[in-house]
Every structure is written in structure tokens, then in C-alpha cells.
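Here's a quick tour for anyone meeting this structure for the first time. Have a look at it below, then read on.

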Amino acid sequence: KSGLMQRRYGYAAPERVPGTPAPPRRVTPFTQINDRGVELIQALGLPHVRAPAEAECMCAALDIAGLVDGCATKDVDALLFGATTVYKQ
């Protein structure tokens, strides 16, 4: 998104300096539930990735590259990012 902001508005969000630690992650009920889901997926031996930002964007990129069977989502954002197969929940 930083590059898009640069092109649109002439400035970009400051980037983290390489080698510096990431800010601590806030622990919320949502992150706790998410972490439990990741633990379950790992216990089942299923492959997974953690998107650095927009999950639908990453899922669409994986779909376009042919690395996944499709994207499961509650909305249609993955289609806007170019996914070819979307499973709507």
C-alpha cells in the first residue's frame, strides 16, 4: 500500500528500518481466537500462511499462481484482487 500512497498522494507511510524489531502485537480476544485456529491447523498438519496485510489479496495471488484450489471468504474482495475461484461462506 505504501507504493500506492506514494503514487496517489506524493507521500508514503514510513517503513520499518530493516533489522529493527516489529512492534509488539496487541493481544485481543480476536487475536487469541485466531491463534487457537492456527494451533488447530498446525495440529492437523495442514499447510498455512499468515498474510502480512490484506488476506484476500494474498489468497488471490496464491490462487492466480495456482498454489491453492481457491479462496474462502465472507465477501467478494478476493475477486477484486483477481482470484479466479472463490468459495463464499
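## A few residues up close

Isoleucine 41 counts as partly exposed because its relative accessibility is 32%; buried means under 20% relative accessible area, exposed over 50%, and partly exposed in between, with a 1.4 Å probe and protein chains only. This is a predicted model, where local features need pLDDT of at least 70, side-chain atom pairs count only at pLDDT 80 or more, and totals for chains, interfaces and linings use all residues. Residues are numbered from 1 along each chain as its sequence is written, and side-chain values use heavy atoms, with hydrogens and water left out.

Isoleucine 41 sits in helix 2 (residues 29-43). Together with Leu40, Leu44 and Leu46, Ile41 makes a nonpolar surface patch of about 370 Å².

Now for threonine 85, which lies in the loop between helix 4 (77-80) and strand 2 (86-88). What does threonine 85 touch, leaving aside its neighbours within four places in sequence? Threonine 85 is in contact (heavy atoms within 4.5 Å) with Asp63, Asp69, Gly70 and Cys71. Alanine 60 is 25 residues from threonine 85 in sequence, and their C-alpha atoms are 8.6 Å apart in space.

| Residue | Relative accessibility | Class |
|---|---|---|
| Threonine 85 | 28% | partly exposed |
| Cysteine 57 | 35% | partly exposed |
| Cysteine 71 | 1% | buried |

As for disulfides (a pair of cysteine sulfur atoms within 2.5 Å), the count comes to zero.

Note on methods
Patch = residues over 30% accessible without salt bridge, like charges linked within 9 Å, V, L, I, M, F, W, Y side chains within 5 Å. Areas by Shrake-Rupley, 256 points an atom, 1.4 Å probe, with all protein chains shown as cover. Salt bridge = Lys/Arg side-chain N within 4 Å of Asp/Glu carboxyl O. Helix = DSSP H or I, 4+ residues; strand = E, 2+ residues; numbered from the N terminus.
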